[in-house]
Amino acid sequence: MNNKVLIDNLRCIPDFPKKGINFRDVTTLYKSAECVQIMLNEMEELYKDKGITKIVGIESRGFVMASALAARLGCGIVLARKPGKLPATAIKESFSKEYGVDTIEMHIDSIDENDVVLIHDDLLATGGTAMAAYRLVQHFHPKKVYVNFIIEITDEGLHGRDLFKGIDLTTLVTL
């Protein structure tokens with residue numbers, strides 16, 4: 001897809017959060033009405049005929065477009081959150097990150113076997129967080145699971161997509 005408007009509006013912050021990392025700041029896309037419409041239109045086109053019943057938004061930037069797309073597709077939204085943020089009984093999945101181990105959680109009544117689920121986050125880099133969300137979703141045995149990101153980073157030797165072999169994964173921008 002690699003829409004030029006999206007690429008031109010994406011901010012890159014060198015050496016954040018530590019030296020040697022180029023942080024891709026998706027907030028510059030969110031603040032542009034044109035970019036939001038482009039992203040929504042592209043995602044709606046990708047998923048309008050897939051029968052999506054739930055979109056899992058991954059904390060926290062994944063919540064933004066997951067919510068907007070859920071409104072467009074007429075489906076529910078499920079939050080994948082950091083530990084201790086959900087008020088009801090939750091299941092959790094831990095994963096390794098560049099800086100240690102982290103965990104995400106979802107309510108145990110979020111998804112059922114009749115759902116067709118789209119997992120959405122803003123960025124695919126190493127893929128750890130999204131794969132943890134995928135494993136959480138698999139606990140519910142839904143009919144089908146799709147995975148989507150706004151940005152996929154491959155230009156820094158990152159291969160997050162490799163974790164998702166055999167899984168229907170799309171991105172709007174690949175860098």
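**Side-chain contacts and local backbone features**

Asp-122 forms a salt bridge with Arg-61, in which the closest N and O atoms are 2.6 Å apart. Asp-122 belongs to strand S7 (residues 116–124), whereas Arg-61 is in the loop between strand S3 (54–58) and helix H4 (62–73), so the pair ties together parts that are 61 residues apart in sequence. The two partners are described in a predicted model, in which Asp-122 counts as buried at 3% relative accessibility and Arg-61 counts as partly exposed at 32%. The loop that holds Arg-61, between S3 and H4, is also the place of Ser-60, and the peptide bond from Glu-59 to Ser-60 is cis, with omega near -15 degrees.

The count of salt bridges comes to 11. Among them is the bridge of Asp-8 with Lys-4, whose closest N and O atoms are 2.8 Å apart; both residues lie in helix H1 (residues 4–9), separated by 4 residues, about one turn of the helix, and both Asp-8 and Lys-4 are exposed. Another bridge is formed by Glu-45 and Lys-48, with a distance of 3.0 Å between the closest N and O atoms. In this pair Glu-45 counts as exposed at 52% relative accessibility, while Lys-48 counts as partly exposed at 43%.

Arg-24 is located in strand S2 (residues 22–25) and, with a relative accessibility of 10%, counts as buried. The side chain of Arg-24 is joined to that of Asp-155 by a polar contact of 2.8 Å. When neighbours within four places in sequence are left aside, the residues in contact with Arg-24 include Leu-10, Arg-11 and Cys-12, as well as Leu-123, Ile-153, Glu-156 and Leu-175.

Aromatic pairs number 3 in the structure. In one of them, the rings of Phe-16 and Phe-23 have centres 5.3 Å apart and planes at 85 degrees, so the pair is edge-to-face. Phe-16 counts as partly exposed at 43% relative accessibility, and Phe-23 is likewise partly exposed, with a relative accessible area of 21%. A further pair is made by Phe-149 and Phe-164, whose ring centres are 6.4 Å apart and whose planes stand at 70 degrees, so this pair is also edge-to-face. Phe-149 is part of strand S8 (residues 144–152) and Phe-164 of the loop between S8 and strand S9 (168–174), so the pair ties together parts that are 15 residues apart in sequence. Both of these phenylalanines, Phe-149 and Phe-164, are buried. An aromatic ring also takes part in the arrangement of Lys-144 and Tyr-146, in which Lys-144 lies over the face of Tyr-146 at 5.1 Å from the ring centre.

Phe-164 is one of the residues touched by Met-131, together with Leu-163 and Ile-167, if residues up to four places away in sequence are not counted. Met-131 lies in helix H5 (residues 128–138) and counts as buried at 11% relative accessibility. Between Met-131 and Val-147 the separation is 16 residues in sequence and 9.5 Å in space, taken from C-alpha to C-alpha.

The structure holds 0 disulfides. For Cys-35, the closest cysteine sulfur is that of Cys-12, at 16 Å, which is too far for a bond. Cys-35 counts as buried at 0% relative accessibility, and Cys-75 is buried as well, with a relative accessible area of 15%.

Several backbone features remain to be described. A cis peptide bond with omega of about 5 degrees joins Phe-16 to Pro-17, and Pro-17 is found in the loop between strand S1 (11–14) and S2. The loop between S1 and S2 also contains Asp-15, whose phi is near 60 degrees, a positive value in a residue other than glycine; at 41% relative accessibility, Asp-15 counts as partly exposed. A positive phi, of about 55 degrees, is found for His-141 too, although His-141 is not a glycine. His-141 lies in the loop between H5 and S8 and is exposed, with a relative accessible area of 60%.

How values were computed: Residues are numbered from 1 along each chain as its sequence is written. This is a predicted model: local features need pLDDT of at least 70, side-chain atom pairs count only at pLDDT 80 or more; totals for chains, interfaces and linings use all residues. Side-chain values use heavy atoms; hydrogens and water are left out. Helices (H or I, at least four residues) and strands (E, at least two) are DSSP runs, numbered from the N terminus. Buried means under 20% relative accessible area, exposed over 50%, partly exposed in between (1.4 Å probe, protein chains only). A polar contact is a pair of N or O atoms within 3.5 Å; within protein, one must be able to donate a hydrogen and the other to accept it, and residues adjacent in sequence count only if both atoms are side-chain atoms. Contact means heavy atoms within 4.5 Å. Rings of Phe, Tyr and Trp (its six-membered ring) pair if their centres lie within 6.5 Å; planes under 30 degrees apart count as stacked, over 60 as edge-to-face and the rest as tilted. A charge sits over a ring if NZ of Lys or CZ of Arg is within 6 Å of the ring centre and within 35 degrees of the ring normal. A salt bridge is a side-chain nitrogen of Lys or Arg within 4 Å of a carboxyl oxygen of Asp or Glu. A disulfide is a pair of cysteine sulfur atoms within 2.5 Å.
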